[in-house]
4 protein chains.
Amino acid sequence: MSGILGTPRRLRLGMVGGGAGAFIGNVHRIAARLDDEWELVAGALSADAERARSSAALLRLDADRSYTDYAEMARREAGRTDGIDAVAIVTPNHLHAPVAMAFLDAGIDVICDKPLALTLAEGRSLAAAARANGRFFAVTYNYSGYPMVRRARALVRAGRLGALRAIQVEYAQDWLSAPIETTGQKQAAWRTDPALAGNAGCLGDIGTHAYHLACFVTGLTARAVCAELSTLVPGRQIDDHVQAMLRFDHGVRGTLWASQVASGAANGLRLRVHGDRASLEFDQQRPDELLLRDQGGDETRLRRGRTPAGVTEHLRLPGGHPEGFIEAFAQLYRDAALVIRARHAGQAVPAEAADLSMVADGVQGLAFVAAVLRSAAEGGGWTEVEGA
Amino acid sequence: MSGILGTPRRLRLGMVGGGAGAFIGNVHRIAARLDDEWELVAGALSADAERARSSAALLRLDADRSYTDYAEMARREAGRTDGIDAVAIVTPNHLHAPVAMAFLDAGIDVICDKPLALTLAEGRSLAAAARANGRFFAVTYNYSGYPMVRRARALVRAGRLGALRAIQVEYAQDWLSAPIETTGQKQAAWRTDPALAGNAGCLGDIGTHAYHLACFVTGLTARAVCAELSTLVPGRQIDDHVQAMLRFDHGVRGTLWASQVASGAANGLRLRVHGDRASLEFDQQRPDELLLRDQGGDETRLRRGRTPAGVTEHLRLPGGHPEGFIEAFAQLYRDAALVIRARHAGQAVPAEAADLSMVADGVQGLAFVAAVLRSAAEGGGWTEVEGA
Amino acid sequence: MSGILGTPRRLRLGMVGGGAGAFIGNVHRIAARLDDEWELVAGALSADAERARSSAALLRLDADRSYTDYAEMARREAGRTDGIDAVAIVTPNHLHAPVAMAFLDAGIDVICDKPLALTLAEGRSLAAAARANGRFFAVTYNYSGYPMVRRARALVRAGRLGALRAIQVEYAQDWLSAPIETTGQKQAAWRTDPALAGNAGCLGDIGTHAYHLACFVTGLTARAVCAELSTLVPGRQIDDHVQAMLRFDHGVRGTLWASQVASGAANGLRLRVHGDRASLEFDQQRPDELLLRDQGGDETRLRRGRTPAGVTEHLRLPGGHPEGFIEAFAQLYRDAALVIRARHAGQAVPAEAADLSMVADGVQGLAFVAAVLRSAAEGGGWTEVEGA
Amino acid sequence: MSGILGTPRRLRLGMVGGGAGAFIGNVHRIAARLDDEWELVAGALSADAERARSSAALLRLDADRSYTDYAEMARREAGRTDGIDAVAIVTPNHLHAPVAMAFLDAGIDVICDKPLALTLAEGRSLAAAARANGRFFAVTYNYSGYPMVRRARALVRAGRLGALRAIQVEYAQDWLSAPIETTGQKQAAWRTDPALAGNAGCLGDIGTHAYHLACFVTGLTARAVCAELSTLVPGRQIDDHVQAMLRFDHGVRGTLWASQVASGAANGLRLRVHGDRASLEFDQQRPDELLLRDQGGDETRLRRGRTPAGVTEHLRLPGGHPEGFIEAFAQLYRDAALVIRARHAGQAVPAEAADLSMVADGVQGLAFVAAVLRSAAEGGGWTEVEGA
């Protein structure tokens, strides 16, 4: 049932980036709409004025809330009585930090796509600003919105796996297997351009998702990494293949592999966690399932909505009715709505939204990226991950 | 991108049924919202006045468009200049026909959940009324909204399987394994009460989905059935387990099995179609996949968004980003929007919406139900299926 | 470890049928050899003298124990002090009964491939003869040799599924999808010739396996069937596609589907059993696994050698080291060796060999075949299955 | 059909190690027996005289060919006219080299379990001795006997994947998750004792299998490794968890993970190879399948016996009739028989046995082990793998 929060109005969302043809911007919009907690009312959808205008028209925005300059948008929305409750930042990576800073300065809550920023220093500044301004700042690590990922986290926390020993995480795609960035493919162009994407290509784009997933489920952080970055498509300016060994808290071992040139892989994000009692496996391409394997014994396929697990509050559909990527993404917007409404009401963060990843998680991701870049640059020795 | 149809307004949707706590009503609402083509503006959400009112409030409907009487709603909405463009009927089965007739009579387009009606005669009346009034009348056989089901249909039509030989379809659930209708479970109560659900229990509730899926993918209709209806939970008033053999057009053989007491099954709708060249298999619980097996050879796992197949127009997400039940349901609302906008503009049905199931498909389903009931009543011989 | 039975000699096996190029004869030989309990010492490998001789030479049989006439073989082996301990009958179906009778009459134990005979009457005569002569008579329903099939049987017997409700069994192949019997393919030629295979084509060849598997695992027998036999390849003289509904003991419902023209199917024997507490599924193409699904809950994948289950005595390899078709077949020869050695020693049948199917099971299979033939001939009504 | 090689006698096999209770010795015996090309006629099954004697009796060996001293066995068998054609060495690792040397010196062909020896130097000596004496020396990397692994190798060689880019290989077990070596478990005891197993625990026991599989399928060798060895069970004297990054020939990237403490893993050997056109995946626990995924497209499940592929000569059973671990192991004995018979006849190695791994492959494995040990000891930097 929509509207379960019993509030008379939808929260007002603004968006920076996400003009016509964008991928992730459209996903954010559908996700925000799914549970009917948000309505999109303003946007700086493109720096190109004409594209901003036509995109806004397609989205049925009022013309006077379609901006071409995000700084102006922050300023003007902050001044309206019906101004946005939060801004969703869905630009290429290099703009995440300046846009977020502009909205924080204007006193507006932020929902930012990952990676949080181009550098660890930028990320720390954002965290500090959010703290100083008392603003809400979520980072959309969308894979942590899957109910079975949250189930996995709860199982680890409850000790179901025993003491953790080892983690394997991987994220394989193949869409950059050929140098399509030279053919005008817009998504590929910015994601392989260090000026727009930062120094970390595949590492920043999907390696950070993999790392976050491992940390989210296990509650651990990597202390040190030993990594190799590769550019397997000749002429590319940025890494497209990452492999690393990791040492997590408490001596837990780990490996991470991410590639955007892994022929045949669509969106293969997969996590395995081994404890001394059992292990679990999650495969993003079958997100309604979670495999649990007991030491010396059988394998159980946990399925969303089929096991009493205290996560029914996240469910829109009963078991056997598949949910997917959009539903997981929508979970973050639902969590954000819960938290923001609680703040508006002067209440604490509701327990059921406690799994939402915030700016500190984004900073951790940047610390990991920095350590991998350093290890790879130094020829592959073990390097410490700086504390977030 | 939302709003790709380039129209300045969302279509206005009314709903009959679907008050607080309803399952399928909420699914219709999310589905209608997903692609931003519809907005819910009116409803007769419950025959109980207080429940109708509070449900409408939760859904942020204007109070003056919350009705308790569907006939009044039909009449008043028909008289508004901003009246609804279509009504979604999501009541228990016994109301489908009278509600639909009321809106048809008022000149309002209809989107009706399945089964279309309680009897074949009722269904034929609805089809005749829709034809006479020139109204749009869709039936939400939602499983036909999955992109891979549509791919399957296209493959069969293109001859990829060769000449068809045999069909196996099944739909297994376990939620009625115990007599929960006696414990106050609302969904179970009406679905096992012949006065509300009709004479066909499991047969009408999910057997019709299975039959439709087989017909939708193959383009065939059953000519005769040989069936057995069982009530495996003692004391239940209606069938909860169906098994049947079918003879489709052109001598194609078939079996159908549906059960709501199949322990361990969540929502196991599965179709296999065998031709003399290849076969295909679709499993609703892994809806982004379609298995294709060649005579004497290998198995190919077709995956949504990974094969050039002329269905990219249905896709919201690239391959590897799972879509599910809601997205398939939303496809029907998207199709309906396309058709209704085309009618408003005096244009033909757009090709990309040609897969939407209409009232005639609903009538076919009722003819199948009638034949199964007759065969079972006669002790299991072969019985002809009446032409729709 | 071989030789665990602590006996000083291998049992001596004779074989009727199975000349060069045979499929099942070679499987029997490998299966008999696997656990080192048997040695092949005599054979009437072919009715063609030259082929019998050359086949025997390839198998390193002594020339004087290579026969062309099975009756002579029975007589002469019965008279030798080092005569065979048992005969394996691996001829086309029409010879099973006369050959078996000849060896029973000579006082020699029998291991016979399925189906036991061409008719129920023949089968009953064999059972009577075995009883009268006090002979051992096993029928090689090889799929019942899989450890996970035996596990399934034990789980049902222990009540793990609760009270049984419904059974689905199917066996799909595609090798007869085209009329290859007209092209000189020897296996296809005899299996589609009623004179050699009997009146039941697909029904006798693989339908009987499916039926046996269902009975073996559940401990139930069909009381009545309602069936349709089809010949989907034009010009073929015998059925190649079977579908049936079954009523088992205690009102348990069932469906059976078997086809040798199911494009894309290799050897798809699959059983599902539903009880009111849980269900299980076995797929012959993944024989080391057994799926167990609990009412309303999760799915457990039981794996051979990974669950304490009292069947370790059947295991040659630890879990994760796949076993297959030959190992299952070998299990029957191991069971047979255990029973025959016990008989030689005047002891009871050892408990661990109690799952071996005997002549009575073969007679049950023929009763099922007869009932299906009768139901199909009568146009598909319900027909009783005669007691074995 | 057995005996297809048309030879009048079985080859005579001797065995060192493999007394009662042994795991791998029994597997070798079954494997050697399966295709009826070998008979076991002599053995030094245990250094313990009584255990050697009783084991030999169980195996029905002649008492005068049961030895307690492998050197005596080599000498005496070499002197018999009916002496063994080859010796199978199935002892703990530390004896592989001395036993093999003794038989090579006696002029007897060798089939040795892996790892070939404890050190790279020992391995090179064996290779030199085999070369000098003109002896056959196979190493039983049994996983390379699976038909689908050989298919994978052929596909890579034929360019089906395009230019190779990256390899992921892993081998996970859980049987050493607890310190069972302290409880009298014999297999665990020797495999975790550096004196018997060598300096490499998990690395030598299963890491070498994983590395061999990667090399076998791709035809590549690692040039450098960057590795971490861990002992995750406290008190253990040897590694039980290995993770490494690899650089193969031509810049191909790789990762290897092996663990014997991965809770829930039975025998999880899995290989993925990515080229710029397609990738493949092999999972030892489903050995009749091979997944092939095309760049940007679909996934094909190749199945043994279902695709014309020029490997029919390796098949005992048609598609859909599962083969497993023993059949793969038997393939090595079949290959060995082919090669040895060819040598006896003064002919070249038959093409169909060209995939058998020989002593040089064993030396490569030891070079890999040495490099991993060195990298781990040096704290994880990149280290060159010495040429074999």
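# How the chains meet, and how they are built

Reader: Through what do the copies, chain A and chain B, meet?
Author: Of the interface residues of chain B, 97% are also interface residues in chain A. Residues are in contact if their C-beta atoms, placed from the backbone, lie within 7 Å. The copies therefore meet through the same surface.

Reader: What kind of model is this, and how are residues, chains and ligands labelled?
Author: This is a predicted model, in which local features need pLDDT of at least 70 and side-chain atom pairs count only at pLDDT 80 or more, while totals for chains, interfaces and linings use all residues. Residues are numbered from 1 along each chain as its sequence is written, and in the order in which they are written chains are lettered from A and ligands numbered from 1.

Reader: Which element gives the most to the side of chain B that touches chain A?
Author: The contact joins 32 residues of chain B to 31 residues of chain A. Two elements of chain B, α1 (24–34) and α10 (325–344), each supply at least two residues of that side; helices (H or I, at least four residues) and strands (E, at least two) are DSSP runs, numbered from the N terminus. With 5 residues, the element that gives the most is α1(B).

Reader: How many charged residues are on the side of chain B that touches chain A?
Author: Ala, Val, Leu, Ile, Met, Phe, Trp, Tyr, Cys and Pro count as nonpolar, Asp, Glu, Lys and Arg as charged, and the others, Gly among them, as polar. By these classes, this side of chain B has 12 nonpolar and 11 polar residues, and its charged residues number 9.

Reader: Which C-alpha of chain B is nearest the axis that relates chain B to chain A?
Author: Chain B is superposed on chain A by a rotation of 180 degrees with 0.0 Å of shift along its axis, at an RMSD of 0.1 Å. At 2.7 Å from the axis, the nearest C-alpha in chain B is that of B:Gly324.

Reader: What relation do chain D and chain A have?
Author: Two copies of a chain are related by a rotation about an axis and a shift along it. For chain D on chain A, the rotation is 180 degrees and the shift along the axis is 0.0 Å, with an RMSD of 0.0 Å. This is the relation of a two-fold axis.

Reader: Which strand gives the largest share of the side of chain D that touches chain A?
Author: Here 35 residues of chain D are in contact with 35 residues of chain A. Two or more residues each come from β6 (164–172), β7 (222–230), β8 (241–248), β9 (253–259), β10 (268–275), β11 (278–283) and β12 (289–294) of chain D. The largest share is 4 residues, and its source is β9(D).

Reader: Which helix gives the most to the side of domain 1 of chain A that touches domain 2 of chain A?
Author: Domain 1 of chain A is 11–139 + 330–357 and domain 2 is 146–319 + 363–384, with bounds from an automatic or database domain assignment. Their C-alpha centres lie 25 Å apart. The contact takes 19 residues from domain 1 of chain A and 21 residues from domain 2 of chain A. On the domain 1 side, the helix (residues 120–133) that gives the most, with 4 residues, is α5 of chain A.

Reader: Which residue in β2(C) stands opposite C:Arg12?
Author: Strand β1 (residues 11–16) of chain C pairs with β2(C) in the parallel sense, over 6 bridges. Opposite C:Arg12 stands C:Glu39.

Reader: How are α6(B) and α9(B) oriented to each other?
Author: Helix α6 (residues 147–157) and helix α9 (residues 202–218) of chain B pack at about 45 degrees, with their axes 7 Å apart. Axes are lines fitted to C-alpha atoms, for helices over the stretch in contact, and angles run from 0 to 180 degrees between N-to-C directions. Angles under 35 degrees count as roughly parallel, over 145 as roughly antiparallel, 65 to 115 as roughly perpendicular and the rest as oblique. α6(B) and α9(B) are therefore oblique.

Technical notes:
Two residues are in contact if their C-beta atoms, placed from the backbone, lie within 7 Å. Copies are superposed by least squares on the C-alpha atoms of residues with pLDDT of at least 70 in both. Two strands pair if DSSP finds at least two bridges between them.
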